[in-house]
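Me: I have a structure to go through with you. I want each label tied to its criterion.

Reply: Fine. Show it, and ask away.

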Amino acid sequence: MYNHTVQYYETDKMGITHHSNYIRWMEEARIDFLKQIGWDFVKLENLGIVSPVVSVNCNYKATTTFADCVKIEVSVTEFKGIKLVLNYEMTNEDGKVVCDSTSTHCFLDKDGKPINLKKQFPDFYEVLFDLANK
């Protein structure tokens, strides 16, 4: 679980959180999630693994405003060795879903070539595979 407090600068003229910020929060939550499962970004980058975003989808359910605490639960919904799909359920302090979103990622080496995680990084592969098949 990742917690984000809505900052004043993240709100628009109407006083609600601008929609683009939810994607930033997804990135924050993803970095935290990877750290929690033992594969933080520094470790991945030191191994020569990059994981670009292939697609993002956000379904906005309710607004948030300055100083709201948004809880973000990250889960692996699909993992096929090279493609990873993460789900982000964002809830407010009352437990109401404010945004349900996904991001899709692939795994490349520093030269931009696809990595076979199962063969090259079996420990990382196993963690993601297990999370996708819970």
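Me: What is the accessible surface of the protein, and what share belongs to carbon and sulfur atoms?

Reply: About 7700 Å², with 51% belonging to carbon and sulfur atoms. The areas come from the Shrake-Rupley method with a 1.4 Å probe, and for residues only the protein chains shown count as cover. A caution first: this is a predicted model, where local features need pLDDT of at least 70 and side-chain atom pairs count only at pLDDT 80 or more, while totals for chains, interfaces and linings use all residues. Residues are numbered from 1 along each chain as its sequence is written, and side-chain values use heavy atoms, with hydrogens and water left out.

Me: How many helices and strands does the protein have, and in what order do they run?

Reply: Four helices and five strands. From the N terminus the order is β-α-α-β-β-β-β-α-α. Both kinds are DSSP runs, numbered from the N terminus: helices are H or I with at least four residues, strands are E with at least two.

Me: Why is Thr 64 called buried?

Reply: Buried means under 20% relative accessible area, exposed means over 50%, and partly exposed is in between (1.4 Å probe, protein chains only). Thr 64 has 1% relative accessibility, so it counts as buried. Its place is in the loop between S2 and S3.

Me: What does Thr 64 touch, beyond residues up to four places away in sequence?

Reply: Contact means heavy atoms within 4.5 Å. On that criterion Thr 64 touches Val 6, Gly 15, Ile 16, Thr 17, Tyr 22, Trp 25, Val 70 and Val 98. Thr 11 is 53 residues away along the chain, yet the two C-alpha atoms are separated by 8.7 Å.

Me: Why is Ala 67 called partly exposed?

Reply: Its relative accessible area is 45%, so Ala 67 falls in the partly exposed range. Ala 67 is also in the loop between strand S2 (53-60) and S3. Its phi is near 75°, a positive value in a residue other than glycine.

Me: What makes a set of residues a nonpolar core, and how many residues has the largest one here?

Reply: Such a core is a set of buried Ala, Val, Leu, Ile, Met, Phe, Trp, Tyr and Cys residues joined through side-chain atoms within 4.5 Å. The largest one has 33 residues, and those with the most contacts inside it are Ile 72, Phe 79, Met 90, Leu 117 and Phe 124. Helix H1 (20-36), strand S3 (69-79), strand S4 (83-91), strand S5 (97-106) and helix H4 (122-132) each supply at least two residues. The largest share, six residues, comes from H1.

Me: Which residues of H4 are buried, and why are they said to line one face?

Reply: Phe 124, Tyr 125, Leu 128 and Ala 132. Seen down the axis of H4, these buried residues fall within an arc of 100°, so they line one face of the helix. The arc is that of the directions from the helix axis to the C-beta atoms. Their cover includes H1, helix H2 (41-46), S3, S4 and helix H3 (117-120).
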